[in-house]
Amino acid sequence: MSETYDHWIGGRHVAGESDRTADVYDPARGTPTRQVRLATASDVDAAVQSARTAFESWGQSSVTARSRVMFDFRQLLVEHEDELAEIISSEHGKTLDDAKGEVVRGREVVEFACGIPQLLKGEYNDQVSGSVDSYSFRQPLGVVAGITPFNFPIMVPLWMHPVAIATGNTFVLKPSERVPGASDLVARLYAEAGLPDGVFNVVHGDKVAVDAILEHPDVAAVSFVGSTPIARYVHEGASRTGKRVQALGGAKNHAVVMPDADLDFAADHIAAAGYGSAGQRCMAVSAVVAVGPAADTLVDKIRERTHDVKVGVGTDPDAGMGPVVTQASRDRIVDYIGQGEAAGAKVVVDGRDLVVEGHEEGFFVGPTLIDHVTTDMSVYTDEIFGPVLAVLRVETLEQAIELVNANPYGNGTAVFTSTGEVARTFQRDVQVGMIGINVPVPVPMAFHSFGGWKDSLFGDHHMHGPEGVRFYTQAKVVTSRWPHVSEESLAALHFPTAH
């Protein structure tokens, strides 16, 4: 393979027209390892036209044919799990175990898409009127696109393209230019699985490519995951050009810990949810709301857990946490910790000066725990996207729910309690899309749908699951009457098969 990632258009690698490239870094070493091409609007148009041509036949293919491709693609993901994890770890920095977990969770969406013949069953009503029947079915939209972030190089794209392709659409993916390797391999695995040329395309790039996708008249729908300002930008741009759009934004995920909770259990899971993948998850816990007398003991227990987190290179089997993705990310996280301290919060565990021996130039930040945070501090109001847990203190469950609901984000939240009444009150009253009861990262399984509320989602549909099928299809309702006619019977003795 060359030292530069090319685009994947029409079933082959294409350099495209642009001479612009960007470096792809190894975050653990702080050095570039490869380059990636940055697409022009013409490159995006070439990918869209390839997808448009492929849709003419793929959109007419049988659901069984599409399902077979998904089954084969799923098997190839299993066989290449280690290779995918190594690519993700080298470009993102997360540990190999974490990267493998990402591959598995993404593969579950492919397994969901394998059932597309069942998922696309329509509805039928016989004799809605005299000699009249009525039925509905769903058809693909055409060319659809996905714009995905750096933090899950394979899982987030897999939330999109398997469902889109299985429902009969063709797809153009614009992955983060920071982590292009996994999408390049996925394109080659789709080809090996028998997906026709042009059904899945990858264009690498920056804002130029994003804008070209949003403005392209032949793109029918856009899926996006990223920060809230860009989600809003994508939603407005795609909507303005008449596209269907789902844009998932940022988050400030709270874990509310009640005095009756098992505090050892809560501390274990909150530390894992806050520091896993160096906090670079849209569902990471970043705000811990300690209720009443739970606070002091909980802070002590989380502090103990931070000392057990080994930070190192993602390929180190003993490492629990790797670096953050860029030097700019590291600098931003360190600055937020300083802002919290200057505003009066107590830095209980400070990860700012962490150095990993032998990797002094790596983008490392250690697990950080900040206590006595208030809702007006930037360390709480902003999405830090790093291994920083901010502890806020309230006296009652009602105050905790009010605090969560006052936050502009509504992605995920959790409550730790041993009381069913508390859990039921929390899940009914909190204004958040995904809720965990003693589960810190409540990411739904692939056969449900993923998405938040408020500033965490722009659009009407959540991703994958039943809502994913609805997003990538449009419904038709047919009302029919057939007069009585005689016609020749067409019969054969061979066993019938689907084609």
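Before the first sheet, a rule: two strands pair if DSSP finds at least two bridges between them. Helices (H or I, at least four residues) and strands (E, at least two) are DSSP runs, numbered from the N terminus. This is a predicted model, in which local features need pLDDT of at least 70 and side-chain atom pairs count only at pLDDT 80 or more, while totals for chains, interfaces and linings use all residues. Residues are numbered from 1 along each chain as its sequence is written, and side-chain values use heavy atoms, with hydrogens and water left out.

Start with strand E4. E4 and strand E5, residues 31-37, pair in the antiparallel sense, and 6 bridges hold that pairing. Within it, Thr21 is opposite Arg37 of E5, and Ala22 is opposite Val36 of E5. The two strands make a hairpin with 4 residues between them. In that turn, Gly30 has a positive phi of about 70 degrees.

Which strands make up the open sheet here, and in what order? There are 3, ordered E1-E5-E4, and the pairing is mixed. Strand E1 (4-5) and strand E4 (21-26) are the edges; each has a single partner strand, so one side of each has no neighbour in the sheet.

Now the ring pair. Rings of Phe, Tyr and Trp (its six-membered ring) pair if their centres lie within 6.5 Å; planes under 30 degrees apart count as stacked, over 60 as edge-to-face and the rest as tilted. By this rule there are 9 aromatic pairs. In one of them, Tyr25 and Phe363, the ring centres are 6.2 Å apart and the planes are at 55 degrees, so this pair is tilted. It links distant parts of the chain, 338 residues apart: Tyr25 is in strand E4, and Phe363 is in the loop between strand E15 (346-349) and strand E16 (368-371).

E15 and E16 also belong to another open sheet, of 7 strands, in the order E15-E16-E17-E14-E13-E19-E20 with mixed pairing. His254 is opposite Thr413 of E19.

Last, the helices. Axes are lines fitted to C-alpha atoms, for helices over the stretch in contact, and angles run from 0 to 180 degrees between N-to-C directions. Angles under 35 degrees count as roughly parallel, over 145 as roughly antiparallel, 65 to 115 as roughly perpendicular and the rest as oblique.

Helix H2 (residues 63-79) and helix H4 (residues 96-114) have axes that come within 8 Å and cross at roughly 160 degrees. H2 and H4 are therefore roughly antiparallel. Contact means heavy atoms within 4.5 Å. On the H2 side the residues include Ser67, Met70 and Phe73, and on the H4 side they include Val103, Arg107 and Glu111.

How does H2 sit against helix H7, residues 181-192, and at what angle? The two pack at about 130 degrees, with axes 9 Å apart. That angle makes H2 oblique to H7. Met70, Phe73, Leu76 and Leu77 of H2 meet Val186, Leu189, Tyr190 and Glu192 of H7.
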